[in-house]
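Subject: Structure handover

Hi,

Here is the structure I promised to pass on to you. Have a look at it first, and then read on for what I found in it.

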Amino acid sequence: MTPHLPAVSTTTSSSSATTSRAAAAARHHLLGAAAAPPSSPHHRRRRRRRVPGCGPRPRGAPVRCCAAAAAPAPQAAVPARARAGAPGATTRVFVVSDLHTDYPENMEWVRRLPAEVGAGEGAGIDALVVAGDVAETRDNFARTMEVLRGRFGAVFYVPGNHDLWLRREGGRYMDSLEKLTALLDACSELGVDTGPRMIGDLGIIPLFSWYHKSFDKEKDVNSVRVPSLEMACKDFHACKWPSDLANDDESIALYFDKLNDKNHDAIEEVKNSSKQILTFSHFVPRQELCPEKRMLYYPYLPKVIGSDFLERRLRDIHSNRKDGAACHVFGHTHFCWDSVVDEIRYVQAPLAYPRERKRRMNSEGWLPFCVYRDGFNPEIYPALWSDYYNKNKREPENTQLAPWVARHFAKYHKFH
């Protein structure tokens, strides 16, 4: 592991200008970390690993299974069937999160998805799982989902935090729960699934969730002063909740978790009908699916990313699945991820912000990621951070800043 800088004093300049710059930097980097973890150069090619228990891929089929967006020039487009691999496949499931189509570049990416991506093979169907954060406004959300619904035989969705922001809705909604109802109504009108059902032999189960601060159980980094969550996290201002729900406790996370109870019978039916199940959420179910705090530009990030209730619920759903038959897809942190933890495969395939795609190895070319093709794709896709933790032990008690984090803070603080 690359050596880290010693912990530094928390004594910093207290000027309002410095605080303002630090807060702005934290907001800019709230969902960002280093471009690459230690010992993981940007352009190093990584060997794909096979998920334990999954059978070998068909002879001649490519290792990578994805449906990349078509290039702007029509002649550069590659037929979806050529990208998908085995010619006998009939059911494919693609995954993506954090589309953020309020950015014109991201909306253009969605529009450039070739129509044949979701055409299916033979008598099969192609489905897309969208793990939240589609757009900030209801109108952009509906436009995005309408395009995707025209590209895929089935589209599944769960809400993310950006989807429930109100700041650009012009007072249309009383609170974020009213907007949630509007988004779910739009999904119903467009034929987008927000509840469990079978696609071929695969059960797909959306899980509603929200984060809570107590999800973070690792040691805090106290060597630098950073803005509070209230200053750095826009959710605290862009979302609005009824008086009985609050950001500083578990009430919002519990509320969203209980929304899944209404699907109890449908979930049980899927569990009984399929040996392979894909669950998905926007938020993070385990803290191990995020880099350690010392490697983050904003060390408080783990307090606003995940839910213990979510992990318990998905573990109950996957309890009897063995040998690579369980997968959970998530989003939110914008870190590409693909790893197996306690017999469940966890995948994050974010489109993310345009500026993030420019500095990360996992660009838009691998999206949407095909995780299932008449069976879960047995290859672990190379992703910098999950690759790093697949090879290196997590050290949550180590709070010495990673070099790139120390350099970042040096721009805004005077170290002593």
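This is a predicted model: local features need pLDDT of at least 70, side-chain atom pairs count only at pLDDT 80 or more; totals for chains, interfaces and linings use all residues.

A right-handed β-α-β unit is formed by β7, helix α10 (residues 308–317) and β8.

How many of the residues of β8 are buried? Strand β8 (residues 326–330) has five of its five residues buried. In a regular strand, side chains alternate between the two faces of the sheet. For β8 both faces are covered: Ala326, His328 and Phe330 are buried on one side, and Cys327 and Val329 are buried on the other.

The other region I would point you to is an open sheet of four strands, in the order β4-β3-β2-β11 and with mixed pairing. The edges are taken by β4 (154–157) and β11, and because each has a single partner strand, one side of each is left without a neighbour in the sheet. Neighbouring strands of this sheet are turned against each other by 20° on average, direction ignored.

For β11, the partner is strand β2 (residues 91–96): four bridges join the two, which run antiparallel. Arg92 has Arg373 in β11 as its bridge partner. Arg373 is part of strand β11 (residues 369–373).

Is Arg373 buried or exposed? Its relative accessibility is 12%, so Arg373 counts as buried, the cut-off for buried being under 20%.

A word on confidence before you set anything up. The protein averages a pLDDT of 82, and 75% of the residues score at least 70. Over residues 1–19 the pLDDT stays under 50, and the model has 43 contacts beyond four places in sequence for this stretch. Residues 25–29 are also below 50 in pLDDT, with 12 contacts in the model beyond near neighbours in sequence.

Happy to talk any of this through.

Best wishes

How values were computed. Residues are numbered from 1 along each chain as its sequence is written. Side-chain values use heavy atoms; hydrogens and water are left out. pLDDT is the predictor's confidence in each residue, from 0 to 100. Contact means heavy atoms within 4.5 Å. Buried means under 20% relative accessible area, exposed over 50%, partly exposed in between (1.4 Å probe, protein chains only). A crossover is right-handed if, with the strands pointing away from the viewer, the path from the first strand over the helix to the second runs clockwise. Two strands pair if DSSP finds at least two bridges between them. Axes are lines fitted to C-alpha atoms, for helices over the stretch in contact, and angles run from 0 to 180 degrees between N-to-C directions.
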